[in-house]
Amino acid sequence: CRVRHYKFNVVMKNSTKLCSTKPIVTVNGRFPGPTLYAREDDTVLVKVVNHVKYNVSIHWHGIRQLRTGWADGPAYITQCPIQPGQTYIYNFTITGQRGTLLWHAHILWLRSTVHGALVVLPKRGVPYPFPQPHKEQVIVLAEWWKSDTEAIINQALKSGLAPNVSDAHTINGQPGPVSNCSSLGGYTLPVVNGKTYLLRLINAALNEELFFKIAGHKLTVVEVDATYVKPFKTDTVVIAPGQTTNVLVTADQNSGKYLVAASPFMDAPVAVDNVTATATLHYSGTLSSTRTTVTKPPPQNATAVANNFTDSLRLGINPCPSCKAANGSRVVAAINNVTFVMPTTALLQAHFFSISGVFTTDFPGNPPNTFNYTGTAPANLATTNGTKVYRLAYNSTVQLVLQDTGIIAPENHPVHLHGFNFFAVGKGLGNYNPKTDQKKFNLVDPVERNTIGVPSGGWVAIRFRADNPGVWFMHCHLEVHTTWGLKMAFLVDNGKGPNESLLPPPSDLPKC
Ligand code: C2O
(Lines give C-alpha, C1' and ligand atoms only; values in the text may rest on other atoms or scores of the structure.)
Protein backbone atom coordinates (compact mmCIF):
# COMPACT_ATOMS: atom_id res chain seq x y z
CA CYS A 1 0.00 0.00 0.00
CA ARG A 2 0.98 3.54 -0.67
CA VAL A 3 0.64 6.86 1.02
CA ARG A 4 -1.23 9.30 -1.21
CA HIS A 5 -0.80 13.03 -0.72
CA TYR A 6 -3.38 15.54 -1.88
CA LYS A 7 -3.67 19.27 -1.43
CA PHE A 8 -7.07 20.95 -1.28
CA ASN A 9 -6.92 24.73 -1.53
CA VAL A 10 -10.35 26.04 -0.60
CA VAL A 11 -10.72 29.14 -2.76
CA MET A 12 -13.42 31.36 -4.24
CA LYS A 13 -13.94 31.15 -7.98
CA ASN A 14 -16.38 32.83 -10.34
CA SER A 15 -18.60 30.39 -12.17
CA THR A 16 -21.05 31.07 -14.99
CA LYS A 17 -24.07 28.88 -15.57
CA LEU A 18 -27.61 29.62 -16.77
CA CYS A 19 -26.41 33.01 -18.07
CA SER A 20 -25.36 34.29 -14.71
CA THR A 21 -22.10 34.45 -12.84
CA LYS A 22 -21.54 34.07 -9.12
CA PRO A 23 -18.54 33.45 -6.90
CA ILE A 24 -18.55 29.95 -5.42
CA VAL A 25 -16.49 28.18 -2.80
CA THR A 26 -14.40 25.48 -4.50
CA VAL A 27 -11.54 23.09 -3.95
CA ASN A 28 -8.65 24.09 -6.23
CA GLY A 29 -10.99 26.31 -8.25
CA ARG A 30 -12.99 23.42 -9.67
CA PHE A 31 -16.66 22.39 -9.79
CA PRO A 32 -17.01 19.53 -9.21
CA GLY A 33 -13.79 19.33 -7.24
CA PRO A 34 -10.83 17.08 -8.02
CA THR A 35 -11.24 13.31 -8.05
CA LEU A 36 -9.25 11.67 -5.31
CA TYR A 37 -7.80 8.27 -6.31
CA ALA A 38 -6.48 5.63 -3.94
CA ARG A 39 -6.37 1.87 -3.58
CA GLU A 40 -7.79 -0.35 -0.88
CA ASP A 41 -5.48 -0.27 2.17
CA ASP A 42 -3.72 2.94 1.09
CA THR A 43 -3.19 5.78 3.52
CA VAL A 44 -4.50 9.12 2.32
CA LEU A 45 -3.28 12.51 3.50
CA VAL A 46 -5.25 15.51 2.35
CA LYS A 47 -3.91 18.91 3.35
CA VAL A 48 -6.84 21.32 3.39
CA VAL A 49 -5.95 25.02 3.37
CA ASN A 50 -8.83 27.40 3.97
CA HIS A 51 -8.49 30.60 1.90
CA VAL A 52 -12.15 31.67 2.15
CA LYS A 53 -14.14 33.66 4.68
CA TYR A 54 -16.23 30.65 5.79
CA ASN A 55 -15.33 27.95 8.27
CA VAL A 56 -14.74 24.69 6.39
CA SER A 57 -14.54 20.95 7.06
CA ILE A 58 -14.38 18.04 4.63
CA HIS A 59 -16.07 14.63 5.01
CA TRP A 60 -14.95 11.46 3.22
CA HIS A 61 -18.42 10.07 2.76
CA GLY A 62 -18.50 6.30 3.23
CA ILE A 63 -14.88 5.90 4.37
CA ARG A 64 -15.18 3.99 7.60
CA GLN A 65 -12.40 5.82 9.45
CA LEU A 66 -11.71 2.84 11.70
CA ARG A 67 -10.46 4.37 14.96
CA THR A 68 -9.67 7.64 13.15
CA GLY A 69 -12.85 9.61 13.69
CA TRP A 70 -10.67 12.74 13.84
CA ALA A 71 -10.50 12.58 10.04
CA ASP A 72 -14.24 12.03 9.46
CA GLY A 73 -15.06 15.70 9.00
CA PRO A 74 -18.57 16.70 10.15
CA ALA A 75 -18.14 20.08 11.82
CA TYR A 76 -18.80 20.10 15.59
CA ILE A 77 -19.25 16.32 15.60
CA THR A 78 -15.71 15.00 15.04
CA GLN A 79 -13.80 18.25 14.68
CA CYS A 80 -14.02 21.97 15.08
CA PRO A 81 -14.10 23.62 11.66
CA ILE A 82 -10.99 24.77 9.83
CA GLN A 83 -11.17 28.53 10.26
CA PRO A 84 -10.20 31.07 7.60
CA GLY A 85 -6.44 31.00 7.10
CA GLN A 86 -6.05 27.64 8.87
CA THR A 87 -4.85 24.26 7.65
CA TYR A 88 -5.74 20.71 8.65
CA ILE A 89 -4.36 17.44 7.31
CA TYR A 90 -6.95 14.65 7.08
CA ASN A 91 -5.01 11.43 7.62
CA PHE A 92 -6.76 8.09 7.21
CA THR A 93 -6.24 4.56 6.00
CA ILE A 94 -8.80 2.93 3.72
CA THR A 95 -9.28 -0.42 5.42
CA GLY A 96 -11.07 -3.18 3.52
CA GLN A 97 -13.01 -0.86 1.23
CA ARG A 98 -12.98 -0.23 -2.52
CA GLY A 99 -15.37 1.42 -4.92
CA THR A 100 -16.85 4.80 -5.63
CA LEU A 101 -17.45 7.25 -2.80
CA LEU A 102 -17.50 11.02 -2.55
CA TRP A 103 -15.98 13.75 -0.44
CA HIS A 104 -17.81 16.93 0.44
CA ALA A 105 -17.78 19.92 2.75
CA HIS A 106 -19.63 19.11 5.98
CA ILE A 107 -20.61 22.49 7.32
CA LEU A 108 -23.39 24.92 6.43
CA TRP A 109 -24.50 24.38 2.82
CA LEU A 110 -20.99 24.53 1.40
CA ARG A 111 -21.23 21.06 -0.04
CA SER A 112 -23.40 22.46 -2.83
CA THR A 113 -20.15 23.40 -4.58
CA VAL A 114 -17.47 21.77 -2.44
CA HIS A 115 -17.61 18.11 -3.43
CA GLY A 116 -15.93 15.57 -5.64
CA ALA A 117 -15.37 11.90 -6.33
CA LEU A 118 -13.34 9.56 -4.16
CA VAL A 119 -12.38 6.49 -6.16
CA VAL A 120 -10.90 3.56 -4.27
CA LEU A 121 -9.49 0.97 -6.66
CA PRO A 122 -9.08 -2.65 -5.61
CA LYS A 123 -5.67 -3.73 -4.37
CA ARG A 124 -3.10 -4.04 -7.15
CA GLY A 125 -3.68 -7.24 -9.12
CA VAL A 126 -7.21 -7.78 -7.78
CA PRO A 127 -9.75 -7.65 -10.63
CA TYR A 128 -13.32 -6.43 -10.45
CA PRO A 129 -15.90 -9.21 -10.02
CA PHE A 130 -17.36 -8.29 -13.44
CA PRO A 131 -15.87 -7.98 -16.95
CA GLN A 132 -13.05 -5.45 -17.02
CA PRO A 133 -14.31 -2.24 -18.63
CA HIS A 134 -12.51 -0.62 -21.53
CA LYS A 135 -12.52 2.68 -19.62
CA GLU A 136 -13.94 4.21 -16.46
CA GLN A 137 -15.62 7.57 -16.04
CA VAL A 138 -16.72 9.47 -12.95
CA ILE A 139 -20.11 11.17 -13.34
CA VAL A 140 -20.93 13.67 -10.61
CA LEU A 141 -24.56 14.83 -10.41
CA ALA A 142 -25.31 18.02 -8.52
CA GLU A 143 -27.61 21.01 -8.16
CA TRP A 144 -27.06 24.61 -9.12
CA TRP A 145 -28.60 27.78 -7.74
CA LYS A 146 -28.17 31.12 -9.46
CA SER A 147 -28.01 32.78 -6.04
CA ASP A 148 -25.62 32.14 -3.21
CA THR A 149 -26.64 28.96 -1.36
CA GLU A 150 -25.66 30.25 2.08
CA ALA A 151 -27.91 33.26 1.51
CA ILE A 152 -30.73 30.93 0.43
CA ILE A 153 -30.68 28.78 3.56
CA ASN A 154 -30.20 31.76 5.86
CA GLN A 155 -33.20 33.44 4.29
CA ALA A 156 -35.23 30.23 4.63
CA LEU A 157 -34.34 29.87 8.31
CA LYS A 158 -35.35 33.47 8.92
CA SER A 159 -38.69 33.14 7.16
CA GLY A 160 -39.47 29.66 8.49
CA LEU A 161 -40.31 28.54 4.97
CA ALA A 162 -38.68 25.94 2.75
CA PRO A 163 -35.66 27.20 0.82
CA ASN A 164 -35.84 27.84 -2.91
CA VAL A 165 -35.33 24.79 -5.06
CA SER A 166 -32.29 24.75 -7.28
CA ASP A 167 -32.38 26.37 -10.71
CA ALA A 168 -30.77 23.40 -12.47
CA HIS A 169 -29.11 20.07 -12.03
CA THR A 170 -25.64 19.41 -13.39
CA ILE A 171 -23.76 16.46 -14.87
CA ASN A 172 -20.01 16.84 -14.28
CA GLY A 173 -20.57 20.52 -13.58
CA GLN A 174 -22.79 21.41 -16.54
CA PRO A 175 -26.58 21.69 -16.89
CA GLY A 176 -26.33 20.50 -20.48
CA PRO A 177 -27.42 21.39 -23.98
CA VAL A 178 -31.17 21.14 -23.41
CA SER A 179 -31.26 23.60 -20.53
CA ASN A 180 -31.87 27.27 -21.14
CA CYS A 181 -28.80 29.28 -21.68
CA SER A 182 -26.11 26.68 -21.43
CA SER A 183 -23.28 28.19 -23.38
CA LEU A 184 -20.95 25.29 -22.70
CA GLY A 185 -23.05 22.65 -24.44
CA GLY A 186 -22.83 20.15 -21.62
CA TYR A 187 -20.69 17.20 -20.74
CA THR A 188 -19.82 14.66 -23.47
CA LEU A 189 -18.91 11.05 -22.82
CA PRO A 190 -16.98 9.74 -25.82
CA VAL A 191 -17.37 6.00 -26.51
CA VAL A 192 -16.03 3.52 -29.05
CA ASN A 193 -18.54 1.19 -30.66
CA GLY A 194 -18.53 -2.26 -29.05
CA LYS A 195 -16.63 -1.27 -25.90
CA THR A 196 -17.92 -1.42 -22.32
CA TYR A 197 -17.53 1.46 -19.87
CA LEU A 198 -17.73 1.65 -16.10
CA LEU A 199 -19.58 4.77 -15.00
CA ARG A 200 -19.10 5.83 -11.41
CA LEU A 201 -22.27 7.80 -10.62
CA ILE A 202 -22.35 10.09 -7.62
CA ASN A 203 -25.28 12.14 -6.37
CA ALA A 204 -23.70 15.22 -4.81
CA ALA A 205 -26.93 17.23 -4.89
CA LEU A 206 -28.00 18.96 -1.70
CA ASN A 207 -31.67 18.20 -1.63
CA GLU A 208 -32.79 15.93 -4.44
CA GLU A 209 -32.86 12.30 -5.35
CA LEU A 210 -32.22 11.81 -9.03
CA PHE A 211 -33.09 9.48 -11.87
CA PHE A 212 -30.24 8.77 -14.29
CA LYS A 213 -30.75 7.42 -17.75
CA ILE A 214 -28.95 7.05 -21.10
CA ALA A 215 -31.16 6.94 -24.18
CA GLY A 216 -30.97 3.66 -26.10
CA HIS A 217 -28.67 1.91 -23.62
CA LYS A 218 -29.20 -0.52 -20.77
CA LEU A 219 -27.21 0.00 -17.59
CA THR A 220 -25.84 -2.95 -15.62
CA VAL A 221 -25.62 -2.08 -11.93
CA VAL A 222 -22.57 -3.65 -10.27
CA GLU A 223 -21.95 -1.61 -7.13
CA VAL A 224 -23.62 0.84 -4.75
CA ASP A 225 -21.95 2.84 -1.96
CA ALA A 226 -18.65 1.03 -2.64
CA THR A 227 -20.08 -2.44 -2.08
CA TYR A 228 -20.55 -4.97 -4.87
CA VAL A 229 -24.08 -6.03 -5.75
CA LYS A 230 -25.41 -8.91 -7.82
CA PRO A 231 -25.35 -7.38 -11.31
CA PHE A 232 -28.71 -6.51 -12.86
CA LYS A 233 -29.83 -4.57 -15.89
CA THR A 234 -31.97 -1.47 -15.75
CA ASP A 235 -33.06 1.47 -17.93
CA THR A 236 -33.04 3.89 -15.03
CA VAL A 237 -30.91 4.33 -11.93
CA VAL A 238 -32.27 6.15 -8.89
CA ILE A 239 -29.72 7.70 -6.62
CA ALA A 240 -30.14 9.76 -3.45
CA PRO A 241 -27.82 12.51 -2.24
CA GLY A 242 -24.74 10.88 -0.75
CA GLN A 243 -25.23 7.63 -2.62
CA THR A 244 -23.03 6.24 -5.38
CA THR A 245 -23.83 3.68 -8.07
CA ASN A 246 -21.46 1.98 -10.49
CA VAL A 247 -22.94 0.85 -13.78
CA LEU A 248 -21.52 -0.84 -16.86
CA VAL A 249 -22.72 0.44 -20.20
CA THR A 250 -21.86 -1.19 -23.51
CA ALA A 251 -21.69 1.01 -26.59
CA ASP A 252 -23.79 -1.36 -28.70
CA GLN A 253 -25.67 1.11 -30.89
CA ASN A 254 -23.02 1.54 -33.62
CA SER A 255 -23.08 5.28 -33.99
CA GLY A 256 -24.74 8.51 -33.07
CA LYS A 257 -25.34 10.73 -30.11
CA TYR A 258 -27.53 9.71 -27.20
CA LEU A 259 -29.01 11.88 -24.52
CA VAL A 260 -27.84 11.32 -20.95
CA ALA A 261 -30.34 12.69 -18.42
CA ALA A 262 -30.46 13.32 -14.69
CA SER A 263 -33.89 14.40 -13.43
CA PRO A 264 -35.42 14.78 -9.96
CA PHE A 265 -37.30 12.03 -8.14
CA MET A 266 -39.54 13.17 -5.33
CA ASP A 267 -42.08 10.96 -3.69
CA ALA A 268 -44.12 13.96 -2.67
CA PRO A 269 -47.50 15.32 -3.67
CA VAL A 270 -46.04 18.66 -4.67
CA ALA A 271 -44.35 19.38 -7.95
CA VAL A 272 -41.10 20.87 -6.86
CA ASP A 273 -38.57 21.05 -9.61
CA ASN A 274 -38.46 19.56 -13.04
CA VAL A 275 -35.19 20.77 -14.44
CA THR A 276 -33.43 17.89 -16.13
CA ALA A 277 -29.68 18.00 -16.57
CA THR A 278 -28.46 16.57 -19.83
CA ALA A 279 -25.21 15.34 -21.31
CA THR A 280 -24.28 13.43 -24.45
CA LEU A 281 -22.95 9.96 -25.05
CA HIS A 282 -21.11 10.28 -28.35
CA TYR A 283 -19.87 7.44 -30.54
CA SER A 284 -16.41 8.58 -31.61
CA GLY A 285 -16.14 9.24 -35.31
CA THR A 286 -19.82 10.10 -35.67
CA LEU A 287 -20.36 13.44 -37.37
CA SER A 288 -21.34 16.15 -34.94
CA SER A 289 -24.46 16.89 -36.99
CA THR A 290 -25.85 13.44 -36.17
CA ARG A 291 -29.12 13.76 -34.34
CA THR A 292 -29.15 13.17 -30.60
CA THR A 293 -31.39 10.31 -29.58
CA VAL A 294 -33.58 11.34 -26.66
CA THR A 295 -35.65 9.28 -24.24
CA LYS A 296 -37.73 11.05 -21.69
CA PRO A 297 -36.67 10.61 -18.07
CA PRO A 298 -39.34 9.27 -15.70
CA PRO A 299 -41.72 11.85 -14.21
CA GLN A 300 -40.75 13.32 -10.86
CA ASN A 301 -43.21 11.17 -8.89
CA ALA A 302 -42.33 7.82 -10.53
CA THR A 303 -42.15 5.99 -7.21
CA ALA A 304 -42.65 2.59 -8.83
CA VAL A 305 -39.57 3.09 -11.01
CA ALA A 306 -37.55 4.05 -7.94
CA ASN A 307 -38.81 1.11 -5.87
CA ASN A 308 -38.19 -1.30 -8.68
CA PHE A 309 -34.59 -0.15 -8.74
CA THR A 310 -33.90 -0.22 -4.99
CA ASP A 311 -35.69 -3.56 -4.55
CA SER A 312 -33.31 -5.09 -7.11
CA LEU A 313 -30.22 -4.37 -5.02
CA ARG A 314 -28.69 -7.50 -3.47
CA LEU A 315 -25.38 -7.98 -1.74
CA GLY A 316 -22.85 -9.15 -4.32
CA ILE A 317 -20.18 -11.42 -3.00
CA ASN A 318 -20.05 -12.67 0.57
CA PRO A 319 -22.95 -14.04 2.52
CA CYS A 320 -24.04 -11.22 4.78
CA PRO A 321 -21.46 -11.36 7.58
CA SER A 322 -23.29 -9.69 10.45
CA CYS A 323 -26.95 -10.07 9.54
CA LYS A 324 -27.86 -13.00 11.73
CA ALA A 325 -26.11 -11.71 14.83
CA ALA A 326 -29.39 -10.41 16.13
CA ASN A 327 -28.92 -11.96 19.54
CA GLY A 328 -29.04 -9.17 22.05
CA SER A 329 -29.56 -6.64 19.31
CA ARG A 330 -30.89 -3.26 20.22
CA VAL A 331 -33.83 -1.63 18.65
CA VAL A 332 -33.62 2.09 18.52
CA ALA A 333 -35.57 4.50 16.49
CA ALA A 334 -34.41 7.85 15.40
CA ILE A 335 -35.10 10.66 15.70
CA ASN A 336 -37.49 10.10 18.55
CA ASN A 337 -38.74 13.63 19.07
CA VAL A 338 -35.31 14.98 19.83
CA THR A 339 -34.20 17.98 17.83
CA PHE A 340 -30.44 17.72 17.72
CA VAL A 341 -28.72 20.91 18.78
CA MET A 342 -25.28 21.42 17.27
CA PRO A 343 -22.71 21.85 20.04
CA THR A 344 -20.08 24.60 20.03
CA THR A 345 -17.23 22.20 20.56
CA ALA A 346 -16.77 18.93 18.70
CA LEU A 347 -18.43 15.91 20.32
CA LEU A 348 -15.47 13.66 19.60
CA GLN A 349 -13.12 16.00 21.47
CA ALA A 350 -15.56 16.29 24.36
CA HIS A 351 -15.73 12.49 24.45
CA PHE A 352 -11.98 11.84 24.17
CA PHE A 353 -10.94 14.50 26.68
CA SER A 354 -13.97 13.91 28.95
CA ILE A 355 -15.14 17.52 28.70
CA SER A 356 -18.45 17.59 30.50
CA GLY A 357 -21.50 19.62 29.61
CA VAL A 358 -21.16 19.27 25.82
CA PHE A 359 -23.56 16.37 25.26
CA THR A 360 -25.70 13.93 27.16
CA THR A 361 -26.15 10.20 26.52
CA ASP A 362 -29.89 10.08 27.16
CA PHE A 363 -31.06 9.87 23.57
CA PRO A 364 -34.20 7.72 23.90
CA GLY A 365 -33.96 4.18 22.56
CA ASN A 366 -37.53 4.31 21.39
CA PRO A 367 -39.98 7.03 20.44
CA PRO A 368 -41.54 8.54 23.58
CA ASN A 369 -45.05 7.79 22.36
CA THR A 370 -46.24 4.77 20.49
CA PHE A 371 -45.93 5.79 16.92
CA ASN A 372 -48.81 5.18 14.58
CA TYR A 373 -48.46 6.26 11.01
CA THR A 374 -51.84 7.10 9.57
CA GLY A 375 -50.82 8.97 6.46
CA THR A 376 -50.88 12.33 8.13
CA ALA A 377 -48.47 13.75 10.66
CA PRO A 378 -49.08 12.30 14.15
CA ALA A 379 -50.13 14.41 17.08
CA ASN A 380 -47.06 13.78 19.21
CA LEU A 381 -45.09 16.59 17.64
CA ALA A 382 -43.58 17.91 20.85
CA THR A 383 -39.84 17.72 20.63
CA THR A 384 -37.13 18.37 23.13
CA ASN A 385 -34.00 20.22 22.10
CA GLY A 386 -30.70 18.77 23.12
CA THR A 387 -27.31 17.47 22.11
CA LYS A 388 -28.17 13.90 22.96
CA VAL A 389 -26.21 10.92 21.71
CA TYR A 390 -27.06 7.23 21.80
CA ARG A 391 -24.39 5.11 23.42
CA LEU A 392 -23.38 1.71 22.04
CA ALA A 393 -21.08 -0.87 23.58
CA TYR A 394 -18.07 -1.76 21.46
CA ASN A 395 -18.83 -4.56 19.01
CA SER A 396 -22.52 -4.77 19.89
CA THR A 397 -24.81 -5.67 17.03
CA VAL A 398 -27.30 -2.97 16.33
CA GLN A 399 -30.64 -3.08 14.65
CA LEU A 400 -32.02 0.28 13.75
CA VAL A 401 -35.53 0.85 12.46
CA LEU A 402 -35.93 4.13 10.66
CA GLN A 403 -39.61 4.98 10.57
CA ASP A 404 -40.80 7.89 8.47
CA THR A 405 -43.41 9.99 10.20
CA GLY A 406 -44.24 12.36 7.39
CA ILE A 407 -43.74 15.26 9.77
CA ILE A 408 -40.92 17.16 8.13
CA ALA A 409 -42.08 16.50 4.60
CA PRO A 410 -43.96 13.69 2.92
CA GLU A 411 -40.96 12.36 1.01
CA ASN A 412 -38.14 9.87 1.14
CA HIS A 413 -35.31 10.55 3.54
CA PRO A 414 -31.88 9.29 2.47
CA VAL A 415 -30.38 8.63 5.89
CA HIS A 416 -26.58 8.46 6.10
CA LEU A 417 -24.63 6.82 8.90
CA HIS A 418 -21.02 7.87 9.41
CA GLY A 419 -18.33 5.38 10.44
CA PHE A 420 -20.13 2.21 9.31
CA ASN A 421 -21.60 0.29 6.46
CA PHE A 422 -24.89 -1.32 7.31
CA PHE A 423 -27.08 -4.03 5.85
CA ALA A 424 -30.57 -3.04 4.76
CA VAL A 425 -32.46 -6.10 6.00
CA GLY A 426 -36.04 -4.87 5.70
CA LYS A 427 -38.27 -2.21 4.23
CA GLY A 428 -41.99 -1.59 4.21
CA LEU A 429 -44.82 0.87 4.05
CA GLY A 430 -46.91 2.04 6.99
CA ASN A 431 -45.97 1.14 10.54
CA TYR A 432 -43.08 -1.15 11.33
CA ASN A 433 -44.42 -4.14 13.21
CA PRO A 434 -41.65 -6.02 15.06
CA LYS A 435 -43.70 -9.20 15.35
CA THR A 436 -44.56 -9.70 11.71
CA ASP A 437 -42.03 -7.62 9.79
CA GLN A 438 -38.92 -9.05 11.39
CA LYS A 439 -39.83 -12.51 10.09
CA LYS A 440 -39.62 -11.20 6.55
CA PHE A 441 -36.14 -9.73 6.85
CA ASN A 442 -33.57 -10.64 4.22
CA LEU A 443 -30.67 -12.02 6.23
CA VAL A 444 -29.02 -13.68 3.25
CA ASP A 445 -28.07 -11.02 0.73
CA PRO A 446 -29.35 -7.61 1.87
CA VAL A 447 -27.60 -4.69 0.18
CA GLU A 448 -24.77 -3.14 2.15
CA ARG A 449 -24.51 0.63 2.07
CA ASN A 450 -23.91 3.84 3.98
CA THR A 451 -26.95 5.87 2.86
CA ILE A 452 -30.45 4.43 2.61
CA GLY A 453 -33.72 5.91 1.43
CA VAL A 454 -36.44 5.65 4.07
CA PRO A 455 -39.63 5.45 2.04
CA SER A 456 -42.24 8.13 2.43
CA GLY A 457 -44.75 6.81 4.95
CA GLY A 458 -42.71 3.68 5.56
CA TRP A 459 -39.65 2.27 7.28
CA VAL A 460 -36.34 0.52 6.74
CA ALA A 461 -34.50 -1.77 9.13
CA ILE A 462 -30.71 -1.80 9.10
CA ARG A 463 -28.13 -3.82 10.99
CA PHE A 464 -24.51 -3.16 11.73
CA ARG A 465 -21.79 -4.06 14.19
CA ALA A 466 -20.57 -1.23 16.40
CA ASP A 467 -16.90 -2.04 15.77
CA ASN A 468 -15.67 1.52 15.33
CA PRO A 469 -15.07 3.46 18.55
CA GLY A 470 -15.85 7.17 18.44
CA VAL A 471 -18.72 9.53 17.77
CA TRP A 472 -20.65 9.01 14.56
CA PHE A 473 -23.17 11.33 13.00
CA MET A 474 -26.37 10.04 11.44
CA HIS A 475 -28.56 12.38 9.44
CA CYS A 476 -30.81 12.86 6.48
CA HIS A 477 -28.64 13.61 3.45
CA LEU A 478 -31.20 16.09 2.14
CA GLU A 479 -29.28 19.04 3.46
CA VAL A 480 -32.34 21.11 4.27
CA HIS A 481 -33.61 18.34 6.57
CA THR A 482 -30.25 18.18 8.35
CA THR A 483 -30.50 21.92 8.85
CA TRP A 484 -33.95 21.48 10.34
CA GLY A 485 -32.72 18.91 12.86
CA LEU A 486 -33.06 15.46 11.26
CA LYS A 487 -29.79 14.31 12.78
CA MET A 488 -28.33 12.56 15.80
CA ALA A 489 -25.10 10.88 16.83
CA PHE A 490 -23.96 7.54 18.20
CA LEU A 491 -21.18 7.21 20.72
CA VAL A 492 -19.36 3.89 20.45
CA ASP A 493 -17.26 3.02 23.48
CA ASN A 494 -13.73 1.74 23.22
CA GLY A 495 -13.24 -2.01 23.29
CA LYS A 496 -10.86 -3.72 25.69
CA GLY A 497 -8.51 -5.20 23.05
CA PRO A 498 -5.26 -3.63 21.84
CA ASN A 499 -6.71 -2.32 18.56
CA GLU A 500 -10.14 -1.44 19.79
CA SER A 501 -9.74 2.15 20.97
CA LEU A 502 -10.10 5.48 19.31
CA LEU A 503 -6.63 6.76 18.41
CA PRO A 504 -5.52 10.10 19.90
CA PRO A 505 -6.18 13.23 17.85
CA PRO A 506 -3.59 14.62 15.44
CA SER A 507 -1.69 17.67 16.71
CA ASP A 508 -3.12 20.00 14.05
CA LEU A 509 -6.76 19.23 14.91
CA PRO A 510 -8.60 22.58 14.61
CA LYS A 511 -9.77 24.33 17.75
CA CYS A 512 -13.18 25.87 18.18
CU1 C2O B 1 -22.22 12.83 3.17
CU2 C2O B 1 -22.74 13.51 7.11
O3 C2O B 1 -22.49 13.29 5.11
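**View 1. Strand E3 beside strand E8.** E3 pairs in the parallel sense with strand E8 (residues 115-121) over 4 bridges; strands here are DSSP runs of at least two residues labelled E, helices are runs of at least four labelled H or I, and both are numbered from the N terminus. Two strands are said to pair if DSSP finds at least two bridges between them. Look for alanine 38, whose bridge partner in E8 is valine 120. This is a predicted model, in which local features need pLDDT of at least 70, side-chain atom pairs count only at pLDDT 80 or more, and totals for chains, interfaces and linings use all residues. Residues are numbered from 1 along each chain as its sequence is written.

**View 2. The open sheet that holds E3 and E8.** Here 4 strands follow the order E3-E8-E7-E5, and their pairing is mixed. Strand E3 (36-39) and strand E5 (58-61) form the edges; each has a single partner strand, so one side of each has no neighbour in the sheet. From one strand to the next, the twist averages 25 degrees; axes are lines fitted to C-alpha atoms, for helices over the stretch in contact, and angles between N-to-C directions run from 0 to 180 degrees.

View 3. Phenylalanine 31 and proline 32 are joined by a cis peptide bond, with omega about -10 degrees. Asparagine 28, in the loop between E2 and E3, has a positive phi of about 55 degrees although it is not a glycine. Most residues other than glycine have a negative phi, and most peptide bonds are trans. Asparagine 28 counts as partly exposed because 14 other C-beta atoms lie within 10 Å; a residue is buried with 20 or more such atoms within 10 Å of its own, exposed with 12 or fewer, and partly exposed in between, with C-beta atoms placed from the backbone.

**View 4. Asparagine 207 and its surroundings.** This asparagine 207 sits in the loop between strand E12 (196-203) and strand E13 (209-214). Asparagine 207 counts as buried because it has 23 C-beta neighbours inside 10 Å. Leaving aside residues up to four places away in sequence, asparagine 207 touches Glu143, Leu478, Glu479 and Val480; contact means C-beta atoms, placed from the backbone, within 7 Å. Serine 112 is 95 residues from asparagine 207 in sequence, yet the two are 9.4 Å apart in space, C-alpha to C-alpha.

View 5. E24 and E32 run parallel and are joined by 4 bridges, with tyrosine 390 bridging to phenylalanine 490 in E32. Strand E31 (residues 470-476) pairs with E32 in the antiparallel sense over 6 bridges, and the bridge partner of valine 471 in E32 is leucine 491. Strand E26 (residues 413-417) and E29 run antiparallel, joined by 4 bridges.

**View 6. Both faces of E32.** In strand E32 (residues 487-492), 6 of its 6 residues are buried. Lys487, Ala489 and Leu491 lie on one side, and Met488, Phe490 and Val492 on the other. In a regular strand the side chains alternate between the two faces of the sheet.

Technical notes:
Contact = placed C-beta atoms within 7 Å.
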